[in-house]
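Q: Can you take me through the contacts in this one? Start with the chains, then the domains.

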Number of protein chains: 2
Amino acid sequence: MRPILTPLAQSLPSTVPFTGPEALQRRTDVPFLARVGANESGFGPSPKVIEAIAAAAGEVWMYGDPEIHDLKAALAAHLDIPSANLAVGEGIDGLHGLIARLITEPGDVAVTSLGAYPTFNYHVTGFGGRIVAVPYSGHHEDLGALVAAARRERAKVIYLSNPDNPMGTWWRATEIERFIADIPEETLILLDEAYCETAPAGTLPELDIARPNLIRTRTFSKAYGLAGMRVGYAIGEAGFIKAFDKVRNHFGVTRLSQAAAVAALADQAWLAQVVAKVAAGGERLHAIAAENGLASVPSATNFVAIDCGGDGDHAMRVLKALEARGVFVRKPMAPGLDRHIRISVGRPEELDVVARQLPLALRDAAQ
Amino acid sequence: MRPILTPLAQSLPSTVPFTGPEALQRRTDVPFLARVGANESGFGPSPKVIEAIAAAAGEVWMYGDPEIHDLKAALAAHLDIPSANLAVGEGIDGLHGLIARLITEPGDVAVTSLGAYPTFNYHVTGFGGRIVAVPYSGHHEDLGALVAAARRERAKVIYLSNPDNPMGTWWRATEIERFIADIPEETLILLDEAYCETAPAGTLPELDIARPNLIRTRTFSKAYGLAGMRVGYAIGEAGFIKAFDKVRNHFGVTRLSQAAAVAALADQAWLAQVVAKVAAGGERLHAIAAENGLASVPSATNFVAIDCGGDGDHAMRVLKALEARGVFVRKPMAPGLDRHIRISVGRPEELDVVARQLPLALRDAAQ
């Protein structure tokens with residue numbers, strides 16, 4: 001007899017929510033020529049980050065600072081807010097898990113968009129919460145319907161990404177501010193700004209660190225090019241931020257991750273040129289779509305959603321054909337969004353591969 | 001109004017269980033000349049680990065493999081067990097959190113020793129569990145009393161470290177095997193072998209991957225010198241191991257951490273010479289204790305518990321005096337153990353500092 005898992009744990013599936021490209025390669029033996037599926041930054045981290053990692057490599061016998069003091073101080077200075085309004089965790093995923101744990105009792109409702117970030121749902125259901133998912137309106141998360149659902153369901157938490165993943169769309173700051181004001185104060189607003197660095201001016205509301213029901217999450221995984229280091233941060237009211245200390249894995253952010261993030265934040269010139277390259281690569285992806293007679297969705301992120309011109313099954317065939325041709329992409333699965341594939345802005349040579357293989361994959365998929 | 005935390009979350013303190021040496025230094029401005037408080041390995045990681053980290057530093061823009069395939073395969077080969085019997089997490093701390101979550105409902109009992117690893121307690125109480133703590137018998141965890149408590153309390157989980165932390169003592173494999181056999185099969189045995197690499201032959205039971213109620217945890221943080229990388233692993237029956245996939249942060253083990261652990265495992269010659277240095281340094285710490293007229297506890301770990309010759313308050317004064325003199329150590333706090341300070345086996349030059357400062361700290365503490 002195996003020791004009894006909790007009834008909740010028994011009810012959960014054993015799963016790896018995203019299949020990594022490494023796992024795909026182990027199964028297929030096809031090396032990926034373009035790794036453009038996980039919205040990583042193929043432009044890499046700043047050379048100063050690489051130097052910082054190499055310089056600190058001999059120090060890894062020491063635990064990292066559990067207070068994450070230096071990184072929090074650097075972020076506080078960069079954002080011009082107190083450290084007390086910042087929590088750092090093992091990526092936004094790690095922070096989502098902690099937030100879900102802090103606020104979710106079995107049966108509590110979390111409102112999100114149907115097809116939005118699945119790892120948020122994974123964490124909420126992992127603590128017994130119930131997901132209420134609101135369909136997108138076209139390619140956008142539907143702010144009005146989300147507010148209505150939060151009110152109707154007396155939601156414990158509402159999730160919104162701006163810019164959006166997986167479609168890449170965005171709302172302007174004024175619209176987000178109205179959304180925030182419309183959410184009941186007993187509902188936590190989890191505003192995921194993972195793609196904030198590539199968003200056009202006027203997308204991000206001012207930082208409001210006085211509002212007790214607003215937590216914004218950001219990351220070093222995207223434009224800063226540190227996905228593999230697992231450093232995300234949460235910005236919020238000091239009282240809520242302090243609650244992370246109730247439940248976090250205090251030594252969980254590695255020593256090198258802390259050093260890498262400090263170095264990344266300090267090199268804003270690198271960030272600026274990555275953002276410029278992402279903009280150019282995004283234009284190229286729109287052009288590649290158009291060359292193939294496909295529509296693409298305007299994007300404020302480092303990826304572009306391309307409408308494959310058929311239904312969800314067709315888009316999945318295109319994805320599989322791309323995969324077989326050495327191009328790693330992902331796709332939304334929700335009805336209405338699932339006709340798209342999502343291609344990250346890779347390096348120019350990776351986009352060359354996409355340009356070459358997409359028409360062939362479309363042909364494969366049509367057969 | 002702040003969104004309501006769960007009643008459980010409200011009941012938990014916001015805390016950092018261990019104050020890191022960095023935080024102590026920020027408060028006191030005294031640089032530590034000997035960092036011998038957290039049982040880190042001052043001998044450092046293998047040079048091949050440092051090379052592997054530097055070589056992979058440019059790849060940190062990619063997420064780590066969420067299946068942690070290569071490290072699990074290397075561990076499986078090293079231990080001669082299937083990968084399906086291994087889970088890897090963000091240090092043993094991270095694994096403890098997942099285990100507590102999988103099995104603990106509010107009110108469930110976890111049995112441990114009074115003064116044993118506090119982070120286990122942190123995670124259990126963090127999920128609403130109740131700690132039943134059994135006093136040590138002398139300097140040893142009391143196997144018989146632990147078994148009795150597990151039976152009496154119908155414990156969900158029982159925690160045992162072998163070798164022990166914070167006292168450094170150990171039981172022989174035959175005694176641990178009897179302990180395991182005596183625990184009811186509905187109680188999970190969490191056997192923490194963080195210090196297994198420095199244990200004398202005959203300390204570790206054979207790996208039993210068929211027993212459904214046994215999970216053993218090990219780490220790269222101690223003898224392998226990778227505390228700052230956060231890589232721990234659990235060995236157990238495949239069905240229980242698979243349950244980690246229900247709740248873990250799938251991308252949580254960083255890309256560099258995976259690469260570093262693979263390189264560390266491959267350099268068993270480095271490990272062997274570290275273990276030899278730890279043995280020599282341990283002897284030196286016993287000698288330093290004796291020179292000061294103090295008793296010390298035989299140790300199977302990379303630290304030595306030294307009896308300061310008075311009560312707990314006295315030992316705390318010695319600790320504070322050492323801290324003021326640039327020596328970072330920690331101490332057990334439980335009654336009966338608290339007369340000791342715990343000094344990690346540092347590099348020879350760090351033990352020189354200890355040898356110089358301990359008599360002065362004892363003098364300070366006596367005043």
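Q: How many residues of chain B are in contact with chain A?
A: 77 residues of chain B are in contact with 77 residues of chain A, where contact means C-beta atoms, placed from the backbone, within 7 Å. This is a predicted model: local features need pLDDT of at least 70, side-chain atom pairs count only at pLDDT 80 or more, and totals for chains, interfaces and linings use all residues. Residues are numbered from 1 along each chain as its sequence is written, and chains are lettered from A and ligands numbered from 1 in the order in which they are written.

Q: Which helix of chain B gives the most to that side?
A: H9(B), with seven residues. Helices supplying at least two residues there include H2 (21–28), H5 (91–103) and H9 (238–247) of chain B; a helix is a DSSP run of H or I, at least four residues, and a strand a run of E, at least two, numbered from the N terminus.

Q: And by class?
A: The side of chain B that touches chain A has 35 nonpolar, 25 polar and 17 charged residues. Ala, Val, Leu, Ile, Met, Phe, Trp, Tyr, Cys and Pro count as nonpolar, Asp, Glu, Lys and Arg as charged, and the others, Gly among them, as polar.

Q: New topic: what are the domains of chain A?
A: Domain 1 is 15–44 + 269–366 and domain 2 is 47–266, with bounds from an automatic or database domain assignment. Their C-alpha centres lie 25 Å apart.

Q: How many residues does each put into the contact?
A: Domain 1 of chain A puts in 25 residues and domain 2 of chain A 26. On the domain 1 side, H11(A) gives the most, with four residues.

Methods
Contact = placed C-beta atoms within 7 Å.
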